Amino acid sequence: MESALSGSLARLDDLLLGPLQLEGRLLVVPTPTLSALPWGMAPSRRGRPTTIAPSLTSWGRGETTVAGPRVRVLTGPGLPLGEARSRP
């Protein structure tokens, strides 16, 4: 079972996180379907702070300061206004 989990996490990492080449802290605001994924257990996230929040509003209510933040926004099929807001 552990090898199946490791394989699935590696695949998740390759498909979703790998192309982003993320370093350092990560804030994930997933869709309800993706909220149960163990984002912090992905191979590229090991040893790196990974926060999961139900919304940016709920995360922003905390007194958190991020020095020099870099923002990346992902969109995909079935997300409201995803195509309307995406830019090349």
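**A predicted α-β-β-α-α protein**

Buried residues (under 20% relative accessible area with a 1.4 Å probe, protein chains only) make up 16% of the 88 residues in the protein. This is a predicted model, in which local features need pLDDT of at least 70 and side-chain atom pairs count only at pLDDT 80 or more, while totals for chains, interfaces and linings use all residues. Residues are numbered from 1 along each chain as its sequence is written, and side-chain values use heavy atoms, leaving out hydrogens and water.

Visitor: Why do the buried residues of α1 lie on the same side?
Guide: The buried residues of α1 are Leu9, Leu12, Asp13 and Leu17. They lie on the same side of α1 because they cover an arc, taken from the directions from the helix axis to the C-beta atoms, of only 100°.

Visitor: Which exposed residues does the opposite face of α1 carry?
Guide: Exposed means over 50% relative accessible area. The face turned away from the buried side of α1 carries Ser3, Arg11, Asp14 and Leu15.

Visitor: Beyond four places in sequence, which residues are in contact with Leu12?
Guide: Contact means heavy atoms within 4.5 Å. With neighbours within four places left aside, the partners of Leu12 are Leu17, Leu37 and Trp39.

Definitions and conventions:
Helix = DSSP H or I, 4+ residues; strand = E, 2+ residues; numbered from the N terminus.
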